[in-house]
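Subject: Structure handover

Hello,

Below is the structure I said I would pass on. My notes on what was found in it follow.

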Amino acid sequence: MALIIDYLVQGGQMLLILLLAPLLTGWVRTLKARLLRRRGPSLLQPYRDLIKLLRKEVVLAESASWLFRVAPYLIFAALWVAASLVPTFAGGLLFNWTADLIAIVALLGTARFFLALAGLDVGTSFGGIGSSREMMIASLAEPAMLMMVFTLSLLAGTTQLSAVAHFMLTAEVGLRVSLALALLALMMVAIAENARIPVDNPATHLELTMVHEAMVLEYSGRHLALIELAASLKLLLYLSLLACIFTPWGMAAAGDGWSAYLFGAAAYLAKLALGGFLLALFETSIAKMRVFRVDQFLSAALMLGLLGALLLFVSRSL
Amino acid sequence: MPFLFSLSMALLAVGVYAMTAARRAGCSRRVYSATLALSTVVLSAALAHLLTAPAPATLTLPIGLPWLGAHFRLDALSAFFLIVVNLGAAVASLFALGYGQHEQAPERVLPFYPAFLAGMNLVVLADDAFTFLFSWEFMSLSSWALVMAHHRESANVRAGYLYLVMACFGTLALLLAFGLLAGPQGGYDFATIRAGQTSPGLAAVVLLLALLGAGSKAGLVPLHVWLPLAHPAAPSHVSALMSGVMTKVAVYGFIRIVFDLLGEPVAWWWGGLVLALGGISAVLGVLYALMQHDLKRLLAYHTVENIGIIFIGLGLALTFQANQMYASAALALTAALFHVLNHSLFKSLLFLGTGAVLTATGERDMERLGGLIHPMPWTALAFLIGAAAISALPPLNGFVSEWLTFQAILLTPELPQWLLKFLAPAVGALLALSAALAAACFVKAFGITFLGRPRSPAAAQARETDRYSLSALFILAALCLLAGILPGLVVDGLAPVVGLLNGGAQLTAQHSQPWLTLAPVTEVKSSYNGLLVLLFMALSGVLAAVLIHRLASAAARRGPAWDCGFPDASPMTQYTAGSFAQPIRRVFGSVVFQARERVTMPPPGDGRPAKLEVKMRDPVWDAGYAPIAAAVIAVSTRFNHLQYLTIRRYLSLVFGALVLLLLGMALWR
């Protein structure tokens, strides 16, 4: 019986993030519009877009191969699995030990690998530009993220996310320089990886500096829907990650019972709303940078991450 | 043991047969079938030995040096490397059953191929210094002959020359290492060496020499310069063996000398040196690879990266052992050995895939390929699996060994030395950087070669490769997946090897973990389950596909590419290998390779095309090799006039030299 409940909670969490992801995207879009004194689309607009796209037929380029058709499913699957492995309302769920933080970072890499290949598949110049820049960005963002993982696991003594979150709730954490550096690095990586301003602009299709949108330019119909959904999942994943590591308050532990789960879910929603608001505020208050500034932005993230890890190698109390 | 030795001899006999019959029709098929059969038998024998783990088997033959004889021994370490060697050899032979039919000069390949395999087997089995070095040289020379198979191309001649120089240098270093190990008594068999004691100073010199000798064969920076020239020059199945397997034999040499023969752990800073060299190799190797347009050369440079990752693991193990942290050393060693196996799998797969492309198009320059996924879907699928595996993407095998290496690095804060406390996270950052760059490198390799539209008529007219080659590719691809989703079984298989090298300490048995999870230290600390990741991914992907096709829409239509409204019919408008690497060249290459771009734009109205020139310098060659080569040339021109002396002067020269030597002797006494 307990096992069935465990399965149900785990399945519920997977469904929850799938359903929440477009809402988060809509939330950020609405907030951004409000901050620019526009009315903006409805919160539910991303759902409507997805449903519309799902119902449309797919127009495939003549030079598209089987990889182009398979890639959206692979990308979606990798991101969904990665996002489900991040604790949201409760830690220590049934399958949380399947992959640790390093594996989650690598799963994001799997999704990115296939997205970049899909960008190259049709053989257009825009696809190539997107893929090549995406891999350049990733070549700095991924190590920066792994350095952040190093910092955390040196502190918590584990790379398991649930255990990290649990450790962060204990009193021995306190305020630490290394954690602040890790937080900064993770936020910078999150901005770059989710193609947000100032690295990339999610709202444009026709700009020479676009990265993510250039890769998916040839996609249409259900394929595009899956990729858009995957992009929302990725944003949700990063916000959940930030919430789970740096603000784990309110998160339920395994087997805490329904009331704790409900409270955890409410806390999680509040954290997401706050995260989305901060993201929208940041995006509206800054201008986009040119592509060859991005490497400096991300090198800074990498250096911050490395510095955080080094501080911990020197002294556990920093 | 006599059985394994006779199998190696049988390989040599196949080589002799090929020498007499290479020109005859069907000879290539017979030779490759024979090597396939022999390798498979050795492979199963070695696998049986590793799994049952009996006492080491030995064999002494009255050949070789008269007072020494030839010693052979099969222990867990030899068995593991025999598996790596013969798995690669069997698959390469299977591939060559199809690929070898296209060989222009079979008489230059067939006799040396079995000899090369025999050489690698004998190195791994050798149990005295003489047999080891003899087999090592035999392996080097037979592979040199294979590099020179197409000797009319001037690039291959240069590659062969450089290879020969570096191989001689490496063997010299190993010779000196064994000389120091054997000591003044000259106990050259490994049992005597193992029983003897080496002073710490001597041990450090031996480690340095082993690093030079094995590192030059494995391709550790800065000794890697021959590798990207020589590996691509050979026929593709031999390239696969050289890059995927022979570099591992070199790693075996290093492990055998440093971990087994030296006995006592060396001082920690030598481990730090190995660690630093590994980290530098990993990043430099992948950066070199990213700058290449030649598919085979890209793969060869990328071997440097993987050797770097292996040496990171070995360096960590050395530092842990020096501090008596044997449990952590077991994890680092497991990671290194796992990566040895993994790299032999996916690097062979990728080289064989390149061979298939080469047969289909006659091209290995990526700028003239493209769109091969349409005529060669199966080759493309296998190559894609290899590319994803080498980029360390879950749920494939490359990720597992890098994950284990990361876990080993995370144990380094417990080391007492301050230098290592700074070095270990820096190497961790280098490893993370190399993993991310490897993904970029293989998006480029696969994307430019197989995706897009064909960039040359040869690429447009390609045909799918033969069944032998395809089965070889898919065996390797399946093994990449299997090792990725069942890593616990591989780790358990490696346990006796790790125990042998690590004073008995090894990782806990993994097969009893629930759901076959990999939890090298404890489950609380870190765990990874490739099987479940694959299962979840397959489930959610298939579920999404079925639901969408059932409930929403399954309609699809073909149309011209959109390309933001300006599609161009010319395949020349696609991204090329050079343009794909441009951002990374700009970010990393401008520092490491001093890459400079120059655009020549004709004035408006001028019909000439614009030009983009890129200049790059190889820092290692410029700083290390060019001065040495210049010095050698300068010295030899100085002494050149000695060649034109009169007989009188020669005689006085000889007399003078004799007097000097005698004087020296007298003073010495």
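The expected span of a helix is 1.5 Å times one less than its number of residues. Please keep in mind throughout that this is a predicted model.

Helix 5 of chain B

Helix 5 of chain B covers residues 129-147, which makes 19 residues. From its first C-alpha to its last it reaches 26 Å, close to the 27 Å expected. Its buried residues include Phe132(B), Leu133(B), Trp136(B), Met139(B) and Leu146(B). Several serines of this helix are buried as well, among them Ser135(B), Ser140(B), Ser142(B) and Ser143(B). What do the buried residues of helix 5 of chain B pack against? Their neighbours in chain B are strand 2 (70-74), helix 4 (112-125), helix 6 (154-182), helix 9 (227-233) and helix 10 (236-261).

Strand 2 of chain B

Strand 2 of chain B is itself largely enclosed by the rest of the structure, because five of its five residues are buried. Ala70(B), Phe72(B) and Leu74(B) lie on one side, and His71(B) and Arg73(B) on the other, so both faces are covered. The strand runs antiparallel to strand 1 (residues 57-61) of chain B, and five bridges join the two. Within this pairing, Thr60(B) stands opposite His71(B).

Contact between the chains

Chain B puts 73 residues into the contact with chain A, and chain A puts in 75. On the chain B side, at least two residues each come from helix 14 (377-390), helix 15 (397-409), helix 16 (418-450), helix 20 (530-552), strand 3 (556-559) and helix 21 (577-592). Which of the elements of chain B gives the most? Helix 16 of chain B does, with 15 residues. Sorted by class, the side of chain B that touches chain A holds 47 nonpolar, 18 polar and eight charged residues.

Strand 1 (residues 58-61) of chain A and strand 3 of chain B are parallel and are linked by four bridges. Gly559(B) of strand 3 is the bridge partner of Ala61(A).

Chain A as a whole

Chain A is built from eleven helices and one strand. Read from the N terminus, its elements follow the order α-α-β-α-α-α-α-α-α-α-α-α. Its radius of gyration is 19 Å, close to the 20 Å that the globule rule gives for 318 residues, so chain A is as compact as a globular protein of that length. Along the principal axes, its C-alpha atoms fill a box of roughly 60 × 50 × 45 Å. Of the 318 residues, 61% count as buried. Among contacts in chain A with a separation of 6 or more, 80% are between residues 24 or more positions apart.

Backbone points to check by eye

Most residues other than glycine have a negative phi, and most peptide bonds are trans. The following places depart from that.

- In chain A, the peptide bond from Ile197(A) to Pro198(A) is cis, with omega near 10 degrees. Pro198(A) sits in the loop between helix 7 (177-193) and helix 8 (212-215).
- The loop between helix 7 and helix 8 of chain A also holds Ala195(A), whose phi is positive, near 55 degrees. Ala195(A) is buried, with 21 other C-beta atoms within 10 Å; the cut-off for buried is 20 or more.
- In chain B, the bond between Pro394(B) and Pro395(B) is cis, with omega about 5 degrees. Pro395(B) belongs to the loop between helix 14 and helix 15 of chain B.
- Cys564(B) is not a glycine, yet its phi is positive, about 60 degrees. This residue is found in the loop between strand 3 and helix 21 of chain B.

Is Cys564(B) buried, partly exposed or exposed? Cys564(B) is partly exposed, because it has 16 other C-beta atoms within 10 Å, and partly exposed residues fall between the cut-offs of 12 or fewer for exposed and 20 or more for buried. Ala569(B) lies in the loop between strand 3 and helix 21 of chain B. Ala569(B) is exposed, with 9 other C-beta atoms within 10 Å. From Ala569(B) to Phe450(B) the distance is 18 Å, C-alpha to C-alpha, and the two are 119 residues apart in sequence.

Regards

Notes:
Residues are numbered from 1 along each chain as its sequence is written. Chains are lettered from A and ligands numbered from 1 in the order in which they are written. This is a predicted model: local features need pLDDT of at least 70, side-chain atom pairs count only at pLDDT 80 or more; totals for chains, interfaces and linings use all residues. Two residues are in contact if their C-beta atoms, placed from the backbone, lie within 7 Å. Ala, Val, Leu, Ile, Met, Phe, Trp, Tyr, Cys and Pro count as nonpolar, Asp, Glu, Lys and Arg as charged, and the others, Gly among them, as polar. Two strands pair if DSSP finds at least two bridges between them. The radius of gyration is taken over C-alpha atoms; the globule rule is 2.2 Å times the number of residues to the power 0.38.
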